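Let us walk through this model together, one region at a time. Have the viewer open and follow along.

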Amino acid sequence: SKKNGRACWTYFDETMLTDARNERALERELRAAILLGHFRIAYQPIVDGKGEVVAMEALLRWQHQLRGTIAPDVFIPIAEQSSLIHDLGLMVLEMVCRDMPLLPAVPINVNISAKQLRLPDLLAQYLAILATHGIDPSQIVIEITESASLTANAKIIAAITAIRAAGFKVALDDFGMGYSEFNQLRHLPYDTIKIDKSYIRNLGQDAVTDIFVNAVVEIARTFGKSVVAEGIESEDDRIRAGIAGCTCFQGYHYGRPAFLEAGPMSLAMIAAE
Ligand code: C2E
Ligand code: CA
Ligand code: CA
Ligand code: CA
């Protein structure tokens, strides 16, 4: 980051946001933004080998009145430090349900924070939101990012099991980025594995990456699970992920996250980043 001025400034900006005082200010603003509904959801397609859209991932954006659009990597960690993550999680599912009649008739992937899984009421609250909109849980894929706490905690395993038993699909997100991931494949119930973009980027260039992805694909195939390759930015990426055995693909090559254009029965999407 000392190599050029620009990188230096970027780094400085991020440091400012993680500063404790800024975090408290952001947390207060976040609380207000939830009440005021200053959020939008961007949707990104997930396609199969034929290029057909098989799902859409819902990605949250904070439309800040002064700071502009704030990315989830900035505010989700702050929400996770307080109970705001619970309100945010319910808000996201509610927004997705409202959008569903305007979206392609495919399952919608919704991200969930591991912390939300600790809330005993989570499943009942999720089911209540779906029931209000007449949406079946099978239309929602809950994306869980692996973290050390997932398999270590029997309550979390039970929560994921209950979510899946209620009819939701479960995807293990950012696979390969934590540790103990193969352990999770033994202990967590799931339908889909999403291989993190950092692995996809290095396919065919580094033997350990190739062996890792092949092993994940082999396990998934054996148990009838699907494997999504994240971060497909070019046809070249898609070909290498396809050769590695990934069954579904997601990335800028197929479409950037985009807002659903307001308007009656409109399927138009507008740039969200
Ligand atoms: P994620 O779940 O891994 O989502 C994929 C991220 O990769 C998104 O960033 C997406 O815009 C980006 N992406 C998609 N295709 C490409 C590509 O081809 N190349 C590259 N370089 N990036 C690509 P985004 O939208 O900024 O979200 C960041 C993270 O924030 C998400 O990572 C997810 O962990 C979290 N997040 C987003 N929405 C929610 C939410 O509603 N709830 C929770 N708890 N977390 C969320
Ligand atoms: Ca995700
Ligand atoms: Ca991911
Ligand atoms: Ca992530």
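Does Glu235 count as buried, partly exposed or exposed? Glu235 counts as partly exposed, at 37% relative accessibility; here buried means under 20% relative accessible area, exposed over 50%, and partly exposed in between, with a 1.4 Å probe and protein chains only. Before going on, a word on conventions: residues are numbered from 1 along each chain as its sequence is written, and chains are lettered from A and ligands numbered from 1 in the order in which they are written. This is a predicted model, in which local features need pLDDT of at least 70, side-chain atom pairs count only at pLDDT 80 or more, and totals for chains, interfaces and linings use all residues, while side-chain values use heavy atoms, with hydrogens and water left out.

Now the overall picture. The protein chain has 11 helices and 11 strands; helices (H or I, at least four residues) and strands (E, at least two) are DSSP runs, numbered from the N terminus. Of the 273 residues in the protein chain, 44% are buried. Among contacts between residues at least 6 apart in sequence, 63% join residues at least 24 apart, where contact means heavy atoms within 4.5 Å.

Let us return to Glu235 and its partner. The side chains of Glu235 and Arg238 meet in a salt bridge, at 3.0 Å from N to O; a salt bridge is a side-chain nitrogen of Lys or Arg within 4 Å of a carboxyl oxygen of Asp or Glu. By this rule the count comes to 11 salt bridges. Both Arg238 and Glu235 lie in helix H11 (residues 235–243), three residues apart, about one turn of the helix. Arg238 is partly exposed, with a relative accessible area of 23%.

Helix H4 holds another such pair: Arg98 and Glu94 lie there four residues apart, about one turn of the helix. Their side chains form a salt bridge at 3.3 Å, N to O. Arg98 is exposed, with a relative accessible area of 53%, whereas Glu94 counts as partly exposed at 22%.

Next comes a pair that links distant parts of the chain: Lys194 in strand S7 and Glu143 in strand S5, 51 residues apart. Lys194 forms a salt bridge with Glu143, with the closest N and O atoms 2.6 Å apart. Lys194 is buried, with a relative accessible area of 0%, and Glu143 also counts as buried at 0%.

Asp173, in strand S6, is worth a look here. Leaving aside residues up to four places away in sequence, Asp173 touches Asn111, Glu143, Ile144, Thr145, Glu146, Lys194 and Glu230.

On a 1 Å grid over the protein atoms alone, a pocket is an open set of points where a 1.4 Å probe fits, with protein on both sides within 12 Å along at least five of seven lines, and lining residues have an atom within 4 Å of a point. Grid points are joined across faces, edges and corners, and a volume is the space filled by probe spheres set on the points.

About 1200 Å³ of space lies in the largest pocket. Of the 41 residues that line the largest pocket, the closest to its centre are Glu57, Leu59, Pro72, Asp73 and Asn111. Elements that each supply at least two lining residues include strand S2 (53–64), helix H4 (84–99) and strand S6 (169–175), and the largest share, six residues, comes from H3. By class, this lining has 17 nonpolar, 10 polar and 14 charged residues; Ala, Val, Leu, Ile, Met, Phe, Trp, Tyr, Cys and Pro count as nonpolar, Asp, Glu, Lys and Arg as charged, and the others, Gly among them, as polar.

The second largest pocket holds about 240 Å³ of space. Of the 13 residues that line the second largest pocket, the closest to its centre are Ala55, Asn109, Val141, Thr192 and Ser226. S2, strand S7 (192–195) and strand S8 (226–229) are the elements that give two or more residues to this lining.
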